[in-house]
Each structure stands twice: as C-alpha cells, then as structure tokens.
Amino acid sequence: MPQALTVCARLIAKSGQEANLALALDEVASKSMASGLCSRFDVLLDQSNPSCFALVETFFSGDHFREHMGTDHIEEFLKLVPDYVDSTESFFLEASDFSV
C-alpha cells in the first residue's frame, strides 16, 4: 500500500494581496479536495500575522501529489503566485517507523 505524503507550506502574501491570496487558496483547497487525490487540504491563517498562510495537505501517495501538481487548478494558481506571494517554504513529510 502506498504511503501517504503530507505537505506543509507557508506562504507570505505581498502587502495588499492578503485577501486575493486567501480567495485563491480557498479555491485551490476546494478543487484539490474534489479531485480525489488528497484526504486533507487545510488553509490556515497565522493569527499574529495576517500576511502568513499555512497549508497542510495530505495526499494518498507521492504519485497522487505529482498528479495533483499537474492539474489545471494548480497550474492556474501557480500563475498567480508572482502577483500574490512574497515568499514560500515547503516541507514534505511521510510517516516513519521509529521502532527499534
């Protein structure tokens, strides 16, 4: 059985673009969940910094994530990034067996 992949991303909106980024992320989350490629796609806002958004996305496998990155809604979102986003940072996480 393929192992789930969780992606955590932080996006900092450009000044004045917070609302536009929030709307774009909400649309991406809805379309991503509807695609059937992920089991979770949360968009979170840093309560101390309204320019900082966090994404927590869980895909059924790495292959599902790669397919997700090629979808029309992701390609459209990526075109908006230069206008809306000042910086990004991502982490890719898989469950690990820590037993010895």
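Analyst: Contact here means heavy atoms within 4.5 Å. Among contacts in the protein chain between residues at least 6 apart in sequence, 71% join residues at least 24 apart. The model is predicted, so local features need pLDDT of at least 70, side-chain atom pairs count only at pLDDT 80 or more, and totals for chains, interfaces and linings use all residues. Residues are numbered from 1 along each chain as its sequence is written, and side-chain values use heavy atoms, with hydrogens and water left out.

Helices (H or I, at least four residues) and strands (E, at least two) are DSSP runs, numbered from the N terminus. The protein chain holds three helices and four strands. Their order along the sequence is β-α-β-β-α-α-β.

Four names matter for burial: His73, Ile74, Phe77 and Tyr84 are buried in helix 3. Buried means under 20% relative accessible area, exposed over 50%, partly exposed in between (1.4 Å probe, protein chains only). The cover over the buried residues of helix 3 includes strand 1 (5–13) and helix 1 (18–35). Helix 2 (62–69) and strand 4 (85–93) are also among the covering elements.

Now the whole chain. Of its 100 residues, 33% are buried. Its C-alpha atoms fill a box of roughly 50 × 30 × 20 Å, taken along the principal axes.
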